[in-house]
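Trainee: I have a new model open on my screen. Can you take me through how to read it?
Mentor: Gladly; here it is.

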Amino acid sequence: MSKSTHDVSNEVVVRTIVRKRLTLRSLVREEKFLYVVSLVVFFTIWHLAATRGNGDSALVTPWATLQGLYDMMSSPLGGETLVGHTWNSLRRVLIGFSIAVCFGIPLGLLLGISETASAILRPLVDVFRPMPPLAWISLSILWFGIGEEPKIFIIFLASFIPSVLNAYNGVRLIEPELYDVVRVMGGSRWDEIKQVVVPASMPAISAGLQLSITSAWMGVLAAELVSSNSGLGYIIILGMQNSDPQMVLGGMVMIAAVAWVLTASMEKIDMMLCPWRREIKGL
Amino acid sequence: MNKHVKISAENVSKEFIQKGTQRVPVLKDISLQVFDQELLVVLGPGQSGKTTLLRIIAGLEKPTQGRITLDGEEIRGPGPDRGLVFQSYMLFPWKTVEANVRLGLEMAQVPKEKHAETVRHYLDLVGLNGFEKYYPHQLSGGMKQRVGIARAFSTQPKVMLMDEPFGQLDAQTRLFMERETERIWLSDKRTTIFITNNIDEALLLGDRIVTLEGKLPGRMKKSYEVNLPRPRDPMDMEFLKLRHTITSEQELTL
Amino acid sequence: MAYQTVKARKSLKLRVLPWLSLTAVILIWQFCVSPPGVNDWRIPGVLLARPYDVLLLGIEKLTDVNPDGATLLVHAWVSLQESLSAFLLSLLVGIPLGLMMGWFGVVRGLFRPVFEMWRPIPPVAWIPLAIFWFGIGMEGKIFIIWLGGMTPCIINAYMGVKTTNPVHIQMARTFGASDWKIFTSICIPSALPMVFGALQIALGNCWTTLVAAELLASDQGLGYLITAGRSIGRTDIVVLGMISLGITGVIISQIIYRIEAKLLAGIRR
């Protein structure tokens, strides 16, 4: 048990770190132990489900999935290894996402700051918002053909709206008295924007980045499923066409891994953008 | 003693528009003079318009009628010559204690090299040295309001405006902070308007106490001089007498 | 005392501008696209259809089954069936699971690792497996859309229970309530606002996933209408499909919103 104490005048701040004692009883109640149980059960069921069929089952064992993953990494498919395909998808996402964020966040802030801009642009945002970004895939293929552009366009659309809306809501939910702090000190409208609007909406903007990147990852896969000859979406659709579940599952594992890395990096960025926020424990 | 009038309010009235269509009168015909180096307490129950009065003096609201002058010049908007301490602290959660206090200096375009020294000086004054790098959420309520006070002081305003600064604190911390406020005020006798709904706080701190009527629109009721030696003892006979007078006269309106 | 009332209104500019900007965009769209069969400096008809033509087509498609095999309402009905049944399924499975994960450590411990592995996979990526398992019928699509709706249901129900005011739980413990009793009579009611918050998100996810599911394997539905329009080179059909998707989405989300408001008002009373 370690303890640190500061005090200021009549108030005392004490920080204590307590270590839990390890017993057999606490082990059974320990979530980490249950996690292990859970994973073992899950993979066993998966394995049994895959081996029970007589060969034509559309599922392969976890072990075979891993092997498929390894094979795809070492031998090229459609001209590239799995690593190359992953990079293709990732590159598209990063380009589309960056463009969307660069335009979306300033636009959202502008809508929040200026009533006039909001009156002009909000109706347009509201008209486009309910249309799922994936519905644009057909038009984007008509417009841009089958190269990189239609995919980047879909990713842009998928991540643009969350960026705009979160920045906008971030500004709208700012405590109005915070502006008074700046005004009382004789700050200008620009000071209000710089000192209050941008930092105060940062948590919402950062949450928007999370939503955007998830949406962008879904967008790239959908676009690649519909028409492409590279990328992870292409891998799984190729696996489907070849009736090769090993390939499909391997692709899905990769998709999950990349999605996880993207989310984790967004959380890192969130910590960098908003170091002052209290930790909120959740799923 | 020749008293210089620092702030003067002349027939100030204020109405708000509520829910888009309701006209709510908040202040009616307030005339008030605050003298240089005075600690004036405005005492009134909740919903008596005292916060609005302070916000008008700060320049955050415009009076519907009447005018307020500071050193003879009419107040037309907020400015660094008046420092405001907010009831709900209003620290910027994304800034450290140090950066929160520095905010006013940046805006007043004080030369950069003076920032560190000034910040340290005011954090010392409110007893917060050692907490420079903390974020507001790591501090207790009393410590947060110390930062609020340091921030308001840092630009050396001519007048300090304190809006129920200790309303959210527990009784003990509150008493302690009242003593601290008195100590800080005695150290440079800056003209201060202090708003509260707590009569003991008013009597502990005020050179003069002005009471507001307890329902909207807020009107000036009475003014009491408090000629007790500082630091004041809340068990002192004179203190209790004055307390009794104010309480009984306040209660008539309730 | 009644307060005096005054007339309050937004400035004229702020009331007019939204309509002005919408009209301007539609007019620009109309005039910058060539009419069918005309080839001039404007955006050719193979890339975009004019709003007026889309409107005419929309009226015609109310009764006409050509060229894609069904009327507009049939397409919309198919899409609604798929997305709403998947939506309901995700509520039925996701919410109880989330609630249990929030309260019972064992449930949480057992489901969380699987949930964490499953969550990052976008529902779209399940399409090939769903086609393996279910074929291209409605079941496959419902499965994919269901996956899309699950995540917000589980997370919100979980967070709803987790954010129950601990004082309420302690209060119940002082009365000697059992774990199960606390769960049903304190945690679930206090989680309801957050659970209702999940409805809109889940519905939005379902609607987006629907498009992806229909783009790939389908012969009816609004998503199919878009794909069909592209494959026969009719941009007016593509745009009509997109707009119908948007409008239908708004209508069902409004209905859900109304239901949600009614139910929540019932709880708060």
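**Reading the model**

Mentor: Chain A holds 11 helices and two strands. Helices (H or I, at least four residues) and strands (E, at least two) are DSSP runs, numbered from the N terminus. Along the sequence the pattern is β-β-α-α-α-α-α-α-α-α-α-α-α. This is a predicted model, where local features need pLDDT of at least 70 and side-chain atom pairs pLDDT 80 or more, while totals for chains, interfaces and linings use all residues. Residues are numbered from 1 along each chain as its sequence is written, chains are lettered from A and ligands numbered from 1 in the order in which they are written, and side-chain values use heavy atoms, without hydrogens and water.

Trainee: Where in chain A is confidence lowest, and where highest?
Mentor: Read pLDDT, the predictor's confidence in each residue, from 0 to 100. The lowest mean, 59, falls in strand β1 (residues 2-8) of chain A, and the highest, 95, in helix α4 (residues 82-113) of chain A. The mean for chain A is 86, and 86% of its residues reach 70 or more.

Trainee: How do I read burial? Is Thr71(C) buried or exposed?
Mentor: Buried means under 20% relative accessible area, exposed over 50%, partly exposed in between (1.4 Å probe, protein chains only). Thr71(C) has 14%, so Thr71(C) is buried. Thr71(C) sits in the loop between α2 (51-61) and α3 (72-103) of chain C. Contact means heavy atoms within 4.5 Å. Leaving out residues up to four places away in sequence, Thr71(C) touches Lys61(C), Leu62(C), Thr63(C), Asp64(C) and Val65(C).

Trainee: Which residues touch the most other members of the largest nonpolar core?
Mentor: A nonpolar core is a set of buried Ala, Val, Leu, Ile, Met, Phe, Trp, Tyr and Cys residues joined through side-chain atoms within 4.5 Å. The largest has 182 residues, and Leu134(A), Trp217(A) and Val124(C) touch the most other members. Helix α8 (residues 179-216) of chain C gives this core its largest share, 17 residues. Beyond four places in sequence, the contacts of Leu134(A) include Met218(A), Val124(C) and Leu215(C).

Trainee: Which residue is partly exposed, with a relative accessible area of 30%?
Mentor: That is Ile243(C). The place of Ile243(C) is in helix α10 (residues 235-268) of chain C.
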